[in-house]
Amino acid sequence: MNRSHSVCVDMYSDGACKGNPGVGGWGVLLRFGKQEKQLCGGAADTTNNRMELTAVIEGLKSLKRACRVRVHTDSQYVQKGISEWLANWKRRGWKTSAGQAVKNRDLWEQLDQIAAQHTVEWHWVKGHAGHPENEQADRLANAGVDKVIRGES
């Protein structure tokens with residue numbers, strides 16, 4: 001294994017939206033050993049799926065060097081998109097199997113590019129099921145919504 005990828009980080013990400021589309025927020029909890037970092041932000045006019053993608057992108061962007069990352073998300077859209085659908089979208093020129101343009105292509109391209117800098121495992125967790133880190137990511141995503149509403153993001 002590449003020595004630069006020996007550091008292992010657990011990332012818990014979530015997105016939230018008040019209305020869909022509407023005011024949205026994203027949240028990330030990063031954990032490396034006993035160290036934790038929490039991030040959140042948002043957008044005034046967005047969708048839940050865009051916030052789910054943004055959470056993972058921002059979490060990966062915050063890492064200062066290449067790492068092994070275990071991404072935990074309650075979004076099947078993110079988990080299946082990156083693990084199952086992305087290669088075919090790219091092969092088909094960013095078209096779905098039904099021939100439609102892939103939604104959120106800009107974010108999928110960013111995620112693809114930044115994930116390639118790390119060794120990433122993608123894990124889906126059931127949302128709102130009492131998973132402590134997922135619940136914390138959800139609180140952070142909602143804090144991101146609140147920041148937008150207050151005009152801070």
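## Helix H3 and its buried face

Helix H3 (residues 105–115) buries Leu107, Trp108, Leu111, Ile114 and Ala115. Buried means under 20% relative accessible area, exposed over 50%, partly exposed in between (1.4 Å probe, protein chains only). These residues cover an arc of only 140° around the axis, which puts them on the same side of H3. The arc is taken from the directions from the helix axis to the C-beta atoms. An α-helix has 3.6 residues a turn, so residues three or four places apart point the same way.

The buried residues of H3 pack against helix H1 (48–61), helix H2 (76–91) and strand S5 (119–124). Contact here means heavy atoms within 4.5 Å. Helices (H or I, at least four residues) and strands (E, at least two) are DSSP runs, numbered from the N terminus.

## Basis of the model

This is a predicted model: local features need pLDDT of at least 70, side-chain atom pairs count only at pLDDT 80 or more, and totals for chains, interfaces and linings use all residues. Residues are numbered from 1 along each chain as its sequence is written, and side-chain values use heavy atoms, with hydrogens and water left out.

## H2 against H3

H2 and H3 pack at an angle of about 95°, with their axes 11 Å apart. They are therefore roughly perpendicular to each other, a class that spans 65 to 115 degrees; under 35 counts as roughly parallel, over 145 as roughly antiparallel and the rest as oblique. Axes are lines fitted to C-alpha atoms, for helices over the stretch in contact, and angles run from 0 to 180 degrees between N-to-C directions.

From H2, Tyr77, Val78, Gly81, Ile82, Leu86, Trp89 and Lys90 meet Trp108, Leu111 and Asp112 of H3. The residues of this contact divide into seven nonpolar, one polar and two charged. H2 also lies across strand S4 (68–73) and S5, running at about 135° to S5.

## The sheet

Five strands form an open sheet in the order S3-S2-S1-S4-S5, with mixed pairing. Two strands pair if DSSP finds at least two bridges between them. S3 and S5 are the edge strands; each pairs on one side only. The twist averages 20° from one strand to the next.

Eight of the 11 residues of strand S2 (residues 22–32) are buried, so S2 is largely enclosed by the rest of the structure.

## Partners of S2

S1 (residues 8–19) and S2 run antiparallel, joined by 10 bridges. Cysteine 17 stands opposite glycine 24 in S2. A hairpin of two residues links S1 to S2.

S2 and S3 (residues 35–46) also run antiparallel, through 10 bridges. Leucine 30 faces lysine 37 in S3, and phenylalanine 32 stands opposite glutamine 35 in S3. Their hairpin has two residues between the strands, and glycine 33 takes a positive phi near 60° there.

Key: Nonpolar A, V, L, I, M, F, W, Y, C, P; charged D, E, K, R; others polar.
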